[in-house]
Amino acid sequence: MDTDMRLLVAEDEDILQALYGLLLQRWGYQYDLATNGAEAVAYARLRGHEYDLCIMDVHMPKLDGLEATRIIRQEAGDFPILGHSNDESLEQKCVESGMDGFLPKSCDPERLRSAIEALTSDSIAVKRRGTGAD
């Protein structure tokens, strides 16, 4: 699959960074990797208008995913943010912080791919209307 979609991945665990990289490359997505919440905010401030989606780990150093989401929503653009955590009880807090969805880290890759596709379908349609493509 070849796509022009760009994702921001905010994840501090090395093994999950590698897994996301493999999956996203296989699925044809371009992506930037932030290793903590502060880096995610910095990427969003710099390139927020370019992102179709952010996969946001909830528990990260320097700035957690909930606070990073609040800052991104206030300062850096409007793109879907998918919360990701081992703690499924955080789903409501993710929504309250401004995230558009939540998946547990223990989900299978196809469920992650489906969530990305579901959250980006409207984003892609808006981008295409804005550029004249359809």
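## Surface and basis of the model

The protein chain has an accessible surface of about 7,000 Å², of which 48% belongs to carbon and sulfur atoms; accessible areas come from the Shrake-Rupley method with a 1.4 Å probe, and for residues only the protein chains shown count as cover.

This is a predicted model, in which local features need pLDDT of at least 70 and side-chain atom pairs count only at pLDDT 80 or more, while totals for chains, interfaces and linings use all residues. Residues are numbered from 1 along each chain as its sequence is written, and side-chain values use heavy atoms, with hydrogens and water left out.

## Elements and contacts

Five helices and five strands form the secondary structure of the protein chain. Both are DSSP runs numbered from the N terminus: helices are H or I with at least four residues, strands are E with at least two. The order from the N terminus is β-α-β-α-β-α-β-α-β-α.

Of the contacts (heavy atoms within 4.5 Å) between residues at least 6 apart in sequence, 65% join residues at least 24 apart.

## Burial and cysteines

Of the 134 residues in the protein chain, 49% are buried. Buried means under 20% relative accessible area, exposed over 50%, and partly exposed in between, with a 1.4 Å probe and protein chains only.

Cys94 is buried at 0% relative accessibility, and Cys107 is buried at 15%. The whole structure has zero disulfides, a disulfide being a pair of cysteine sulfur atoms within 2.5 Å.

## Lys62

Lys62 lies in the loop between β3 (53-57) and α3 (65-75). Lys62 is not a glycine, yet its phi is positive, about 70°. Most residues other than glycine have a negative phi. Lys62 is exposed, with a relative accessible area of 74%.
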